[in-house]
Every structure is written in C-alpha cells, then in structure tokens.
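The following note collects comments on one helix and its surroundings. Please read the points alongside the coordinates.

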Amino acid sequence: MQRLILVDKSVIIRKVAKRILSDLGFLVSEADDAQTALSICKGRVPAVMIVDACLPGATDLIEEVRELPGGDKVKIYYCLIEGKLKHMMQGKRAGADDFLLKPFDREILTKVFSDQSKTAA
C-alpha cells in the first residue's frame, strides 16, 4: 500500500479525496498547512503528494520535500483551481511533477491514481 499525503486547507476537499484515494488503495495522510505536511514527510516520505497551490508556502513545501532523503522519488501533484500558465510554471519550478485541477471527483482521481496505487511503495 502506497503512502499519499494530501495537503489542502479545505477539510471538505481532504475528506472527499481521502475517501476516494483510500478506496483506490492508498494509505492517506492529511495536512491543512505546509508545516504539518513537512513534519509528516520528515517522518516518512510518501510515494505521492497532492499540494493545493493556494496553500501558503506551497512551493516552499515542494522544494523542501525534494531536499529530503528520498524526496526526489515523490510524485508531486500541484493542485490548481484553474490552469493558468504562470501558476503551473511556479509549481513546476518548485519541483511538481504534474497538475490536478479542482474541483476533482471520483472519476478524475480514479483515472489519475488507479495505476499508481498498485505500484510497490
């Protein structure tokens, strides 16, 4: 079972995404701020990370996770409300691998994550 951390200010987004991603076979941790997320990652680096672009310190969090031992192997998704090139480039420069657009639903998360959950952690 792969570890995934979901970093978003919204408790509703975290709750819905956690349910869906858990159903897909991930062991999901949640954080509502960058500092909490970094603490979790320092304890054990996840295989996958979803970071809300609106979160204060989102790009700093991505950069700091990349510097952790094993942080280069984390698949990081930068989660945006709209696909503005400027925001996408900020995430990419920080070290994000890919993007998710909000709002997302079961269909979108299943399409993006179903194959990844089956890979060994």
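1. Two strands are taken to pair if DSSP finds at least two bridges between them. Helices (H or I, at least four residues) and strands (E, at least two) are DSSP runs, numbered from the N terminus. Leu 6 stands opposite Glu 30 in E2, and E1 and E2 run parallel, joined by 5 bridges.

2. The model is predicted: local features need pLDDT of at least 70, side-chain atom pairs count only at pLDDT 80 or more, and totals for chains, interfaces and linings use all residues. Residues are numbered from 1 along each chain as its sequence is written, and side-chain values use heavy atoms, with hydrogens and water left out.

3. Helix H1 comprises 13 residues, 11-23. From first C-alpha to last, H1 reaches 18 Å, close to the 18 Å expected at 1.5 Å a residue (1.5 Å times one less than the number of residues).

4. Arg 14, Ala 17, Ile 20 and Leu 21 of H1 are buried (under 20% relative accessible area, 1.4 Å probe, protein chains only). They lie on the same side of H1 because they cover an arc of only 140° around the axis, taken from the directions from the helix axis to the C-beta atoms.

5. The face turned away from the buried side of H1 carries Val 11, Ile 12, Lys 15 and Asp 23, which are exposed (over 50%).

6. Among the elements covering the buried residues of H1 are strands E1 (3-7), E2 (27-31) and E3 (48-52), and helix H5 (106-113); contact means heavy atoms within 4.5 Å.

7. Just after H1, Gly 25 takes a positive phi of about 105°.
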